[in-house]
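Please look over the sequence and the structure below before reading on. The briefing that follows moves from overall make-up to individual residues, topic by topic.

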Amino acid sequence: MTRRPESKPASSDVIAQAPAASIATTDTRVQHETLVDAVQDYAIFMLDAGGHVVTWNPGAERIKGWRAEEIIGRHFSTFYLPEEAAAQKPQRELEIVREHGRYHEQGRRLRKDGTTFMAELIITPVLRDGEVKGFVKVTRDVTEREAANEAIRRLTEDLERRVEERTQQLTQANEELQAFAYTVAHDLRAPLRAMQGFSDALREDYGDKLDDAGREYLSRIAEGAERLDQLIRDLLAYSRLARENLTLEPVALDWIFRQAVEQVKSSVDQVTLSIQPDLPTVRAHAATLQQVVVNLLSNAVKFMPADRRPEIRVWSEDRGACARVFISDNGIGIAAEHFSRIFEVFQRLHGVAEYGGTGIGLAIVKKGLERMGGTVGLTSEPGAGSTFWFELDCA
Amino acid sequence: MDLGAPTVLLVEDDPNDQLLLKRAFRKAGIVATINLAADGDAAITTLGGPGAPPTLVLLDLKLPRRSGFEVLAWMKGHEQLRRVPVIVFTSSGEASDIRRAYDLGANSFLVKPGKSEQLQDLVAAVAHYWFSLNQSAPG
(Lines give C-alpha, C1' and ligand atoms only; values in the text may rest on other atoms or scores of the structure.)
Protein backbone atom coordinates (compact mmCIF):
# COMPACT_ATOMS: atom_id res chain seq x y z
CA MET A 1 0.00 0.00 0.00
CA THR A 2 1.14 3.49 -0.78
CA ARG A 3 2.42 4.85 2.47
CA ARG A 4 0.93 7.99 3.91
CA PRO A 5 2.00 9.65 7.07
CA GLU A 6 -0.81 9.28 9.62
CA SER A 7 0.36 12.50 11.20
CA LYS A 8 -0.56 14.57 8.18
CA PRO A 9 -4.24 14.03 7.64
CA ALA A 10 -4.52 17.09 5.45
CA SER A 11 -2.38 15.40 2.87
CA SER A 12 -4.65 12.39 2.67
CA ASP A 13 -7.14 14.63 0.93
CA VAL A 14 -4.78 14.95 -1.94
CA ILE A 15 -5.60 12.54 -4.64
CA ALA A 16 -2.91 11.32 -6.90
CA GLN A 17 -4.55 11.89 -10.21
CA ALA A 18 -5.26 14.41 -12.86
CA PRO A 19 -7.87 17.09 -12.05
CA ALA A 20 -10.80 15.00 -13.27
CA ALA A 21 -10.04 12.39 -10.64
CA SER A 22 -10.17 14.84 -7.77
CA ILE A 23 -13.78 13.84 -7.27
CA ALA A 24 -12.86 10.19 -6.88
CA THR A 25 -14.64 8.10 -4.31
CA THR A 26 -12.86 6.28 -1.52
CA ASP A 27 -13.26 3.00 -3.40
CA THR A 28 -11.47 4.24 -6.44
CA ARG A 29 -8.81 5.77 -4.22
CA VAL A 30 -8.10 2.39 -2.67
CA GLN A 31 -8.01 0.76 -6.10
CA HIS A 32 -5.71 3.46 -7.27
CA GLU A 33 -3.32 3.04 -4.32
CA THR A 34 -3.20 -0.71 -4.94
CA LEU A 35 -2.27 0.00 -8.51
CA VAL A 36 0.48 2.44 -7.60
CA ASP A 37 1.84 -0.03 -5.04
CA ALA A 38 2.18 -2.65 -7.71
CA VAL A 39 4.35 -0.45 -9.91
CA GLN A 40 8.02 -1.33 -9.57
CA ASP A 41 9.50 0.37 -12.60
CA TYR A 42 8.26 3.87 -11.82
CA ALA A 43 8.73 6.01 -8.78
CA ILE A 44 5.27 7.44 -8.21
CA PHE A 45 4.90 9.76 -5.28
CA MET A 46 3.05 12.82 -4.21
CA LEU A 47 4.20 16.16 -2.92
CA ASP A 48 2.23 18.64 -0.91
CA ALA A 49 1.78 22.15 -2.20
CA GLY A 50 5.15 23.14 -0.71
CA GLY A 51 7.05 20.27 -2.33
CA HIS A 52 7.32 17.87 0.63
CA VAL A 53 7.03 14.17 -0.03
CA VAL A 54 3.62 12.86 1.01
CA THR A 55 3.41 9.35 -0.44
CA TRP A 56 6.07 6.86 -1.63
CA ASN A 57 5.56 3.73 -3.67
CA PRO A 58 7.81 0.63 -3.87
CA GLY A 59 9.05 1.74 -7.29
CA ALA A 60 10.30 4.98 -5.70
CA GLU A 61 12.10 3.01 -3.02
CA ARG A 62 13.64 0.73 -5.60
CA ILE A 63 14.82 3.54 -7.87
CA LYS A 64 15.86 6.17 -5.32
CA GLY A 65 16.86 4.03 -2.35
CA TRP A 66 14.94 5.75 0.47
CA ARG A 67 12.32 3.84 2.38
CA ALA A 68 8.98 5.60 2.90
CA GLU A 69 9.58 6.41 6.55
CA GLU A 70 12.94 7.98 5.70
CA ILE A 71 11.69 10.30 3.04
CA ILE A 72 8.10 11.24 3.74
CA GLY A 73 7.96 14.79 5.00
CA ARG A 74 11.24 15.78 3.45
CA HIS A 75 11.42 18.31 0.64
CA PHE A 76 11.78 16.90 -2.85
CA SER A 77 14.86 19.01 -3.50
CA THR A 78 16.62 16.14 -1.68
CA PHE A 79 16.56 14.34 -5.05
CA TYR A 80 18.44 17.11 -6.87
CA LEU A 81 22.12 17.65 -7.34
CA PRO A 82 23.28 20.15 -4.69
CA GLU A 83 24.03 22.89 -7.21
CA GLU A 84 20.60 22.51 -8.79
CA ALA A 85 18.90 22.54 -5.40
CA ALA A 86 20.86 25.65 -4.46
CA ALA A 87 19.77 27.30 -7.70
CA GLN A 88 16.12 26.74 -6.75
CA LYS A 89 15.53 24.41 -9.69
CA PRO A 90 12.98 22.28 -7.78
CA GLN A 91 10.92 25.33 -6.85
CA ARG A 92 11.00 26.60 -10.43
CA GLU A 93 9.71 23.26 -11.68
CA LEU A 94 6.70 23.49 -9.36
CA GLU A 95 6.07 27.03 -10.60
CA ILE A 96 6.02 25.72 -14.16
CA VAL A 97 3.48 23.06 -13.14
CA ARG A 98 1.28 25.69 -11.49
CA GLU A 99 1.43 27.84 -14.64
CA HIS A 100 1.35 25.25 -17.42
CA GLY A 101 -0.18 22.19 -15.76
CA ARG A 102 2.78 19.95 -16.41
CA TYR A 103 6.56 19.64 -16.22
CA HIS A 104 8.56 17.08 -18.18
CA GLU A 105 12.28 16.59 -18.06
CA GLN A 106 15.12 14.20 -18.44
CA GLY A 107 18.01 14.88 -16.09
CA ARG A 108 20.37 13.59 -13.41
CA ARG A 109 18.92 12.90 -9.97
CA LEU A 110 20.41 11.69 -6.71
CA ARG A 111 19.90 8.37 -5.03
CA LYS A 112 20.04 7.94 -1.27
CA ASP A 113 23.57 6.52 -1.51
CA GLY A 114 24.79 9.66 -3.28
CA THR A 115 25.04 8.09 -6.70
CA THR A 116 23.14 9.62 -9.58
CA PHE A 117 20.91 8.18 -12.26
CA MET A 118 19.36 9.50 -15.44
CA ALA A 119 15.71 10.23 -14.68
CA GLU A 120 12.81 10.87 -16.95
CA LEU A 121 10.12 12.58 -14.95
CA ILE A 122 6.72 14.18 -15.19
CA ILE A 123 5.19 16.43 -12.55
CA THR A 124 1.46 17.20 -12.68
CA PRO A 125 -0.66 19.21 -10.23
CA VAL A 126 -3.28 17.80 -7.91
CA LEU A 127 -6.22 20.17 -7.99
CA ARG A 128 -9.14 20.61 -5.68
CA ASP A 129 -11.72 23.27 -6.42
CA GLY A 130 -9.37 24.79 -8.98
CA GLU A 131 -6.61 25.16 -6.42
CA VAL A 132 -3.24 23.36 -6.51
CA LYS A 133 -3.20 21.15 -3.42
CA GLY A 134 -0.10 19.21 -4.29
CA PHE A 135 1.77 17.40 -7.06
CA VAL A 136 2.22 13.94 -8.48
CA LYS A 137 5.67 13.08 -9.60
CA VAL A 138 6.35 10.06 -11.77
CA THR A 139 10.01 9.19 -12.32
CA ARG A 140 11.60 6.52 -14.40
CA ASP A 141 15.22 5.43 -14.28
CA VAL A 142 16.41 5.67 -17.89
CA THR A 143 20.12 5.22 -17.11
CA GLU A 144 20.22 1.95 -19.00
CA ARG A 145 18.29 3.37 -21.91
CA GLU A 146 20.63 6.34 -22.00
CA ALA A 147 23.65 4.05 -21.76
CA ALA A 148 22.23 2.02 -24.62
CA ASN A 149 21.64 5.21 -26.63
CA GLU A 150 25.15 6.32 -25.86
CA ALA A 151 26.50 2.93 -26.94
CA ILE A 152 24.50 3.17 -30.16
CA ARG A 153 25.83 6.67 -30.75
CA ARG A 154 29.39 5.48 -30.19
CA LEU A 155 28.87 2.51 -32.47
CA THR A 156 27.36 4.75 -35.14
CA GLU A 157 30.26 7.16 -34.90
CA ASP A 158 32.69 4.27 -35.04
CA LEU A 159 30.90 2.82 -38.04
CA GLU A 160 30.86 6.18 -39.81
CA ARG A 161 34.56 6.57 -39.15
CA ARG A 162 35.26 3.10 -40.50
CA VAL A 163 33.11 3.66 -43.56
CA GLU A 164 34.99 6.88 -44.18
CA GLU A 165 38.35 5.14 -43.79
CA ARG A 166 37.28 2.33 -46.06
CA THR A 167 35.93 4.77 -48.64
CA GLN A 168 39.24 6.58 -48.56
CA GLN A 169 41.12 3.32 -49.05
CA LEU A 170 38.83 2.35 -51.91
CA THR A 171 39.15 5.78 -53.49
CA GLN A 172 42.90 5.45 -53.32
CA ALA A 173 42.81 1.93 -54.74
CA ASN A 174 40.54 3.15 -57.49
CA GLU A 175 42.88 6.02 -58.30
CA GLU A 176 45.80 3.62 -58.43
CA LEU A 177 43.82 1.31 -60.67
CA GLN A 178 43.03 4.22 -62.95
CA ALA A 179 46.67 5.25 -63.09
CA PHE A 180 47.53 1.64 -63.84
CA ALA A 181 44.94 1.41 -66.60
CA TYR A 182 46.17 4.70 -68.01
CA THR A 183 49.72 3.40 -68.16
CA VAL A 184 48.57 0.17 -69.75
CA ALA A 185 46.57 2.11 -72.31
CA HIS A 186 49.51 4.31 -73.25
CA ASP A 187 52.78 2.57 -72.58
CA LEU A 188 51.92 -1.08 -73.08
CA ARG A 189 50.45 -0.43 -76.49
CA ALA A 190 53.41 1.51 -77.89
CA PRO A 191 55.74 -1.51 -78.33
CA LEU A 192 52.83 -3.45 -79.78
CA ARG A 193 52.25 -0.73 -82.31
CA ALA A 194 55.89 -1.05 -83.27
CA MET A 195 55.56 -4.82 -83.70
CA GLN A 196 52.46 -4.43 -85.82
CA GLY A 197 53.72 -1.44 -87.77
CA PHE A 198 57.15 -2.83 -88.59
CA SER A 199 55.96 -6.32 -89.45
CA ASP A 200 53.49 -4.67 -91.83
CA ALA A 201 56.29 -2.49 -93.18
CA LEU A 202 58.52 -5.50 -93.64
CA ARG A 203 55.80 -7.35 -95.52
CA GLU A 204 54.93 -4.32 -97.67
CA ASP A 205 58.47 -3.22 -98.47
CA TYR A 206 60.44 -6.48 -98.45
CA GLY A 207 57.76 -9.17 -98.82
CA ASP A 208 58.98 -10.11 -102.27
CA LYS A 209 62.43 -10.91 -100.88
CA LEU A 210 60.96 -13.51 -98.49
CA ASP A 211 59.77 -16.99 -99.31
CA ASP A 212 56.37 -18.32 -98.20
CA ALA A 213 57.65 -19.52 -94.82
CA GLY A 214 59.21 -16.12 -94.14
CA ARG A 215 55.99 -14.34 -95.01
CA GLU A 216 54.02 -16.72 -92.81
CA TYR A 217 56.29 -16.04 -89.84
CA LEU A 218 55.76 -12.37 -90.43
CA SER A 219 52.00 -12.69 -90.47
CA ARG A 220 52.16 -14.71 -87.24
CA ILE A 221 54.07 -11.87 -85.56
CA ALA A 222 51.48 -9.41 -86.78
CA GLU A 223 48.58 -11.60 -85.65
CA GLY A 224 50.13 -12.10 -82.23
CA ALA A 225 50.59 -8.39 -81.79
CA GLU A 226 47.08 -7.71 -82.98
CA ARG A 227 45.61 -10.26 -80.59
CA LEU A 228 47.49 -8.74 -77.68
CA ASP A 229 46.38 -5.28 -78.70
CA GLN A 230 42.76 -6.46 -78.83
CA LEU A 231 43.17 -8.08 -75.42
CA ILE A 232 44.50 -4.85 -73.94
CA ARG A 233 41.71 -2.84 -75.50
CA ASP A 234 39.06 -5.27 -74.22
CA LEU A 235 40.56 -5.31 -70.73
CA LEU A 236 40.65 -1.54 -70.63
CA ALA A 237 37.06 -1.37 -71.84
CA TYR A 238 36.02 -3.86 -69.17
CA SER A 239 37.85 -2.09 -66.34
CA ARG A 240 36.55 1.26 -67.53
CA LEU A 241 33.02 -0.14 -67.39
CA ALA A 242 33.55 -1.32 -63.84
CA ARG A 243 34.85 1.98 -62.49
CA GLU A 244 33.35 4.80 -64.51
CA ASN A 245 30.03 6.46 -63.78
CA LEU A 246 27.51 5.95 -66.53
CA THR A 247 24.89 8.63 -67.05
CA LEU A 248 21.73 7.09 -68.43
CA GLU A 249 19.64 8.92 -71.01
CA PRO A 250 17.13 8.00 -73.70
CA VAL A 251 18.94 6.16 -76.49
CA ALA A 252 17.28 5.07 -79.74
CA LEU A 253 18.07 1.41 -80.40
CA ASP A 254 17.59 2.00 -84.15
CA TRP A 255 20.52 4.38 -84.11
CA ILE A 256 22.62 2.10 -81.89
CA PHE A 257 22.14 -0.85 -84.23
CA ARG A 258 22.93 1.28 -87.30
CA GLN A 259 26.20 2.39 -85.67
CA ALA A 260 27.02 -1.11 -84.46
CA VAL A 261 26.42 -2.68 -87.88
CA GLU A 262 28.70 -0.03 -89.37
CA GLN A 263 31.38 -1.06 -86.89
CA VAL A 264 31.19 -4.79 -87.57
CA LYS A 265 30.52 -4.30 -91.28
CA SER A 266 33.71 -5.91 -92.51
CA SER A 267 32.72 -9.16 -90.86
CA VAL A 268 29.05 -9.02 -91.87
CA ASP A 269 29.45 -8.61 -95.61
CA GLN A 270 28.35 -12.15 -96.27
CA VAL A 271 25.61 -12.05 -93.66
CA THR A 272 21.86 -11.92 -94.00
CA LEU A 273 20.94 -9.35 -91.41
CA SER A 274 17.36 -8.41 -90.67
CA ILE A 275 16.70 -5.80 -88.04
CA GLN A 276 13.16 -4.97 -87.01
CA PRO A 277 12.37 -1.36 -87.90
CA ASP A 278 11.20 1.01 -85.14
CA LEU A 279 13.14 -0.57 -82.30
CA PRO A 280 12.22 1.20 -79.04
CA THR A 281 14.11 3.93 -77.21
CA VAL A 282 15.68 2.76 -73.95
CA ARG A 283 17.39 4.31 -70.96
CA ALA A 284 21.08 3.66 -71.48
CA HIS A 285 24.58 5.04 -71.87
CA ALA A 286 24.98 5.31 -75.64
CA ALA A 287 28.65 4.32 -75.97
CA THR A 288 28.24 1.38 -73.56
CA LEU A 289 25.09 0.14 -75.27
CA GLN A 290 26.83 0.37 -78.62
CA GLN A 291 29.69 -1.73 -77.31
CA VAL A 292 27.20 -4.29 -75.96
CA VAL A 293 25.45 -4.51 -79.32
CA VAL A 294 28.71 -4.63 -81.29
CA ASN A 295 29.93 -7.51 -79.13
CA LEU A 296 26.67 -9.44 -79.48
CA LEU A 297 26.53 -8.90 -83.24
CA SER A 298 30.15 -9.84 -83.83
CA ASN A 299 29.70 -12.99 -81.73
CA ALA A 300 26.63 -13.87 -83.78
CA VAL A 301 28.73 -13.61 -86.94
CA LYS A 302 31.86 -15.20 -85.52
CA PHE A 303 30.55 -18.43 -84.03
CA MET A 304 29.40 -19.84 -87.35
CA PRO A 305 30.31 -23.12 -89.04
CA ALA A 306 32.61 -22.38 -91.98
CA ASP A 307 30.14 -23.73 -94.54
CA ARG A 308 27.07 -21.85 -93.26
CA ARG A 309 25.85 -18.44 -94.39
CA PRO A 310 25.13 -16.40 -91.25
CA GLU A 311 21.55 -15.25 -90.74
CA ILE A 312 21.06 -12.76 -87.96
CA ARG A 313 17.73 -11.41 -86.79
CA VAL A 314 17.11 -8.56 -84.36
CA TRP A 315 13.73 -7.78 -82.84
CA SER A 316 12.25 -6.44 -79.64
CA GLU A 317 9.37 -7.19 -77.32
CA ASP A 318 7.50 -4.76 -75.12
CA ARG A 319 7.73 -5.91 -71.49
CA GLY A 320 5.86 -3.06 -69.84
CA ALA A 321 8.41 -0.77 -68.20
CA CYS A 322 11.24 -2.29 -70.17
CA ALA A 323 12.09 -3.60 -73.59
CA ARG A 324 13.64 -6.96 -74.36
CA VAL A 325 15.82 -7.01 -77.45
CA PHE A 326 16.70 -10.30 -79.16
CA ILE A 327 19.66 -11.06 -81.39
CA SER A 328 19.44 -14.51 -82.93
CA ASP A 329 21.88 -16.36 -85.15
CA ASN A 330 22.06 -19.71 -86.93
CA GLY A 331 25.54 -20.45 -85.64
CA ILE A 332 27.11 -23.26 -83.65
CA GLY A 333 25.01 -22.69 -80.52
CA ILE A 334 25.98 -23.18 -76.88
CA ALA A 335 25.20 -26.09 -74.57
CA ALA A 336 23.03 -25.03 -71.62
CA GLU A 337 25.65 -26.02 -69.04
CA HIS A 338 27.93 -23.24 -70.35
CA PHE A 339 25.33 -20.47 -70.18
CA SER A 340 26.64 -18.82 -67.02
CA ARG A 341 30.32 -19.49 -67.79
CA ILE A 342 30.31 -17.55 -71.04
CA PHE A 343 29.59 -14.23 -69.27
CA GLU A 344 32.68 -14.51 -67.06
CA VAL A 345 35.92 -12.74 -67.90
CA PHE A 346 38.47 -14.86 -69.84
CA GLN A 347 36.06 -17.75 -70.31
CA ARG A 348 36.29 -19.30 -73.71
CA LEU A 349 34.64 -22.42 -75.05
CA HIS A 350 36.89 -22.75 -78.11
CA GLY A 351 40.58 -22.58 -78.94
CA VAL A 352 41.88 -19.38 -80.48
CA ALA A 353 42.62 -21.20 -83.72
CA GLU A 354 38.99 -22.33 -84.01
CA TYR A 355 37.24 -19.08 -83.11
CA GLY A 356 39.42 -16.09 -82.22
CA GLY A 357 38.74 -13.70 -79.40
CA THR A 358 39.87 -12.52 -76.01
CA GLY A 359 37.19 -14.08 -73.80
CA ILE A 360 36.10 -10.67 -72.57
CA GLY A 361 33.38 -9.77 -75.07
CA LEU A 362 30.41 -11.23 -73.20
CA ALA A 363 31.81 -10.14 -69.83
CA ILE A 364 31.68 -6.60 -71.22
CA VAL A 365 28.11 -7.24 -72.40
CA LYS A 366 27.02 -8.40 -68.97
CA LYS A 367 28.88 -5.74 -66.98
CA GLY A 368 27.71 -3.02 -69.35
CA LEU A 369 24.07 -4.03 -69.05
CA GLU A 370 24.34 -4.36 -65.27
CA ARG A 371 25.80 -0.87 -65.03
CA MET A 372 22.81 0.40 -67.03
CA GLY A 373 20.32 -1.44 -64.80
CA GLY A 374 19.66 -4.09 -67.42
CA THR A 375 19.94 -7.86 -67.74
CA VAL A 376 21.13 -10.33 -70.33
CA GLY A 377 20.34 -13.94 -71.10
CA LEU A 378 20.13 -16.47 -73.89
CA THR A 379 18.48 -19.52 -75.31
CA SER A 380 20.42 -21.82 -77.56
CA GLU A 381 20.36 -25.07 -79.38
CA PRO A 382 23.80 -26.54 -80.05
CA GLY A 383 24.31 -26.82 -83.78
CA ALA A 384 21.29 -24.69 -84.67
CA GLY A 385 22.00 -21.25 -83.25
CA SER A 386 21.72 -18.95 -80.25
CA THR A 387 19.37 -16.16 -79.31
CA PHE A 388 20.84 -13.63 -76.91
CA TRP A 389 18.51 -11.10 -75.33
CA PHE A 390 18.95 -8.05 -73.16
CA GLU A 391 16.49 -5.94 -71.22
CA LEU A 392 16.69 -2.24 -70.49
CA ASP A 393 14.17 0.23 -69.11
CA CYS A 394 12.14 2.04 -71.71
CA ALA A 395 12.85 5.74 -72.01
CA MET B 1 62.70 21.52 -98.91
CA ASP B 2 59.68 22.00 -101.11
CA LEU B 3 58.69 25.65 -100.77
CA GLY B 4 54.97 25.99 -100.34
CA ALA B 5 54.68 22.41 -99.10
CA PRO B 6 52.81 22.15 -95.82
CA THR B 7 54.92 21.71 -92.70
CA VAL B 8 54.06 19.39 -89.87
CA LEU B 9 55.58 19.55 -86.43
CA LEU B 10 55.50 16.02 -85.04
CA VAL B 11 55.81 16.08 -81.26
CA GLU B 12 56.62 12.44 -80.51
CA ASP B 13 59.17 10.80 -78.23
CA ASP B 14 58.86 7.21 -79.46
CA PRO B 15 61.38 6.62 -82.28
CA ASN B 16 59.26 3.77 -83.64
CA ASP B 17 56.22 5.98 -83.93
CA GLN B 18 58.35 8.73 -85.51
CA LEU B 19 59.63 6.32 -88.12
CA LEU B 20 56.26 4.70 -88.80
CA LEU B 21 54.54 8.05 -89.19
CA LYS B 22 57.17 9.42 -91.57
CA ARG B 23 56.89 6.21 -93.57
CA ALA B 24 53.10 6.51 -93.64
CA PHE B 25 53.37 10.04 -95.08
CA ARG B 26 55.77 8.76 -97.71
CA LYS B 27 53.67 5.68 -98.52
CA ALA B 28 50.48 7.72 -98.75
CA GLY B 29 52.27 10.04 -101.17
CA ILE B 30 51.85 13.14 -99.02
CA VAL B 31 54.31 15.90 -99.80
CA ALA B 32 55.01 17.66 -96.54
CA THR B 33 57.96 18.75 -94.46
CA ILE B 34 57.96 16.90 -91.17
CA ASN B 35 59.89 18.49 -88.33
CA LEU B 36 60.44 16.60 -85.15
CA ALA B 37 60.30 17.50 -81.47
CA ALA B 38 61.04 14.58 -79.15
CA ASP B 39 59.69 16.08 -75.93
CA GLY B 40 57.44 18.88 -74.68
CA ASP B 41 60.26 21.32 -74.03
CA ALA B 42 61.72 20.78 -77.50
CA ALA B 43 58.28 21.42 -79.01
CA ILE B 44 57.99 24.75 -77.22
CA THR B 45 61.54 25.74 -78.19
CA THR B 46 60.86 24.92 -81.84
CA LEU B 47 57.46 26.59 -81.93
CA GLY B 48 58.67 29.65 -80.02
CA GLY B 49 61.75 30.06 -82.23
CA PRO B 50 62.10 32.14 -85.40
CA GLY B 51 60.44 31.00 -88.60
CA ALA B 52 56.90 30.53 -89.75
CA PRO B 53 54.63 28.40 -87.58
CA PRO B 54 53.87 24.91 -88.94
CA THR B 55 50.74 24.20 -90.96
CA LEU B 56 49.81 21.54 -88.43
CA VAL B 57 51.00 20.12 -85.13
CA LEU B 58 50.69 16.40 -84.45
CA LEU B 59 50.97 16.14 -80.70
CA ASP B 60 51.48 13.06 -78.54
CA LEU B 61 50.22 13.42 -74.96
CA LYS B 62 52.66 11.34 -72.93
CA LEU B 63 55.97 13.06 -73.44
CA PRO B 64 59.16 13.49 -71.45
CA ARG B 65 59.49 16.87 -69.71
CA ARG B 66 56.49 19.03 -70.49
CA SER B 67 53.48 16.89 -71.42
CA GLY B 68 51.41 17.21 -74.55
CA PHE B 69 48.70 18.93 -72.51
CA GLU B 70 51.19 21.56 -71.36
CA VAL B 71 52.39 22.15 -74.91
CA LEU B 72 48.76 22.45 -76.04
CA ALA B 73 47.88 24.91 -73.28
CA TRP B 74 51.00 26.95 -74.01
CA MET B 75 50.19 27.10 -77.74
CA LYS B 76 46.57 28.08 -77.24
CA GLY B 77 47.68 30.90 -74.96
CA HIS B 78 50.28 32.14 -77.45
CA GLU B 79 49.47 35.18 -79.56
CA GLN B 80 50.91 33.84 -82.84
CA LEU B 81 50.47 30.10 -82.35
CA ARG B 82 46.97 29.83 -80.94
CA ARG B 83 45.37 29.46 -84.40
CA VAL B 84 47.71 26.69 -85.57
CA PRO B 85 45.66 23.50 -85.79
CA VAL B 86 46.73 20.91 -83.22
CA ILE B 87 45.83 17.27 -83.69
CA VAL B 88 46.33 15.22 -80.60
CA PHE B 89 47.81 11.93 -81.78
CA THR B 90 48.09 9.48 -78.95
CA SER B 91 47.96 5.85 -77.84
CA SER B 92 44.54 5.65 -76.29
CA GLY B 93 41.17 7.30 -76.32
CA GLU B 94 40.70 7.64 -72.58
CA ALA B 95 37.59 9.76 -72.09
CA SER B 96 39.32 12.05 -69.60
CA ASP B 97 42.18 12.72 -72.04
CA ILE B 98 39.81 13.49 -74.89
CA ARG B 99 37.76 15.91 -72.79
CA ARG B 100 40.84 17.64 -71.43
CA ALA B 101 42.43 17.97 -74.86
CA TYR B 102 39.33 19.62 -76.31
CA ASP B 103 38.96 21.82 -73.25
CA LEU B 104 42.48 23.06 -73.86
CA GLY B 105 41.64 23.85 -77.48
CA ALA B 106 42.74 20.78 -79.45
CA ASN B 107 41.35 20.83 -83.00
CA SER B 108 41.15 17.06 -83.35
CA PHE B 109 41.89 13.90 -81.37
CA LEU B 110 43.17 10.78 -83.11
CA VAL B 111 44.23 7.43 -81.67
CA LYS B 112 47.35 5.91 -83.23
CA PRO B 113 46.40 2.82 -85.22
CA GLY B 114 48.63 -0.25 -85.07
CA LYS B 115 48.27 -1.50 -88.60
CA SER B 116 50.38 0.05 -91.30
CA GLU B 117 47.46 0.36 -93.73
CA GLN B 118 45.26 2.08 -91.18
CA LEU B 119 48.04 4.53 -90.39
CA GLN B 120 48.45 5.36 -94.07
CA ASP B 121 44.70 5.86 -94.43
CA LEU B 122 44.69 8.12 -91.40
CA VAL B 123 47.63 10.19 -92.65
CA ALA B 124 45.98 10.54 -96.06
CA ALA B 125 42.72 11.68 -94.47
CA VAL B 126 44.52 14.18 -92.21
CA ALA B 127 46.48 15.59 -95.14
CA HIS B 128 43.42 15.83 -97.33
CA TYR B 129 41.40 17.62 -94.69
CA TRP B 130 43.97 19.93 -93.11
CA PHE B 131 46.13 20.66 -96.17
CA SER B 132 43.42 20.82 -98.86
CA LEU B 133 39.94 21.39 -97.46
CA ASN B 134 40.57 23.39 -94.34
CA GLN B 135 41.01 27.17 -94.49
CA SER B 136 43.83 28.06 -92.15
CA ALA B 137 43.85 31.42 -90.39
CA PRO B 138 45.58 34.14 -92.46
CA GLY B 139 48.93 35.09 -90.97
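How many helices and how many strands are there in chain B? Chain B has five helices and five strands, and from the N terminus on these elements follow the order β-α-β-α-β-α-β-α-β-α. Please keep in mind throughout that this is a predicted model, and that the predictor gives the complex an ipTM of 0.81 and a pTM of 0.58.

**The two chains in outline**

- Chain A contains 11 helices and 11 strands, and of its 395 residues 29% count as buried.
- In chain B, which has 139 residues, buried residues make up 37%.

**Confidence in chain B**

- The mean pLDDT of chain B is 92, and 97% of its residues reach 70 or more.
- Among the elements of chain B, strand β3 (residues 56–59) has the highest mean pLDDT, at 97, whereas helix α4 (residues 95–103) has the lowest, at 92.

**One helix of chain B and its buried face**

- Helix α2 of chain B, which covers residues 40–48, has the buried residues B:Gly40, B:Ala43, B:Ile44 and B:Leu47.
- Seen down the axis of α2(B), these buried residues fall within an arc of 95°, and therefore they line one face of the helix.
- The partners against which the buried residues of α2(B) pack are β1 (7–11), β2 (33–37) and α3 (68–76) of chain B.

**The nonpolar cores**

- The largest nonpolar core has 39 residues, and those with the most contacts inside it are A:Val293, A:Leu296 and A:Leu297.
- Helix α10 of chain A (residues 286–302) supplies the largest share of this core, namely seven residues.
- Because domain 2 (154–244) and domain 3 (245–395) of chain A both give residues to this core, it lies between them.
- When its neighbours within four places in sequence are left aside, A:Leu296 is in contact with A:Ile327, A:Val365 and A:Phe388.
- Another core, of 33 residues, lies apart from the largest one, and its members include B:Ala43, B:Leu58, B:Leu59 and B:Trp130.
- In soluble globular proteins, nonpolar side chains tend to be buried together.

**Where the chains touch**

- In this complex, 14 residues of chain B are in contact with 16 residues of chain A.
- On the side of chain B that touches chain A, the elements that give two or more residues are α1 (15–27) and α5 (116–133) of chain B, and α1(B) gives the most, with four residues.
- Sorted by class, that side of chain B has two nonpolar, five polar and seven charged residues.

- A:Tyr238 sits in helix α8 of chain A, which covers residues 212–243, and it is partly exposed, with 18 other C-beta atoms within 10 Å.
- Although A:Tyr238 and A:Ile364 are 126 residues apart in sequence, they are 5.5 Å apart in space, C-alpha to C-alpha.
- Not counting residues up to four places away in sequence, A:Tyr238 touches A:Val345, A:Ile360, A:Ala363, A:Ile364 and A:Lys367.

**Two residues with a positive phi**

- As background, most residues other than glycine have a negative phi.
- A:Asp129 has a positive phi of about 50° although it is not a glycine, and its place is the loop between β3 (116–128) and β4 (131–141) of chain A.
- Because A:Asp129 has 6 C-beta neighbours inside 10 Å, it counts as exposed.
- B:Arg65, likewise not a glycine, has a positive phi of about 55°, and it is found in the loop between β3 and α3 of chain B.
- With 14 C-beta neighbours inside 10 Å, B:Arg65 counts as partly exposed.

How values were computed:
Residues are numbered from 1 along each chain as its sequence is written. Chains are lettered from A and ligands numbered from 1 in the order in which they are written. This is a predicted model: local features need pLDDT of at least 70, side-chain atom pairs count only at pLDDT 80 or more; totals for chains, interfaces and linings use all residues. A residue is buried if 20 or more other C-beta atoms lie within 10 Å of its own, exposed if 12 or fewer, and partly exposed in between; C-beta atoms are placed from the backbone. The arc is that of the directions from the helix axis to the C-beta atoms. Two residues are in contact if their C-beta atoms, placed from the backbone, lie within 7 Å. A nonpolar core is a set of buried Ala, Val, Leu, Ile, Met, Phe, Trp, Tyr and Cys residues joined through C-beta atoms within 7 Å. Domain bounds come from an automatic or database domain assignment. Ala, Val, Leu, Ile, Met, Phe, Trp, Tyr, Cys and Pro count as nonpolar, Asp, Glu, Lys and Arg as charged, and the others, Gly among them, as polar. pLDDT is the predictor's confidence in each residue, from 0 to 100.
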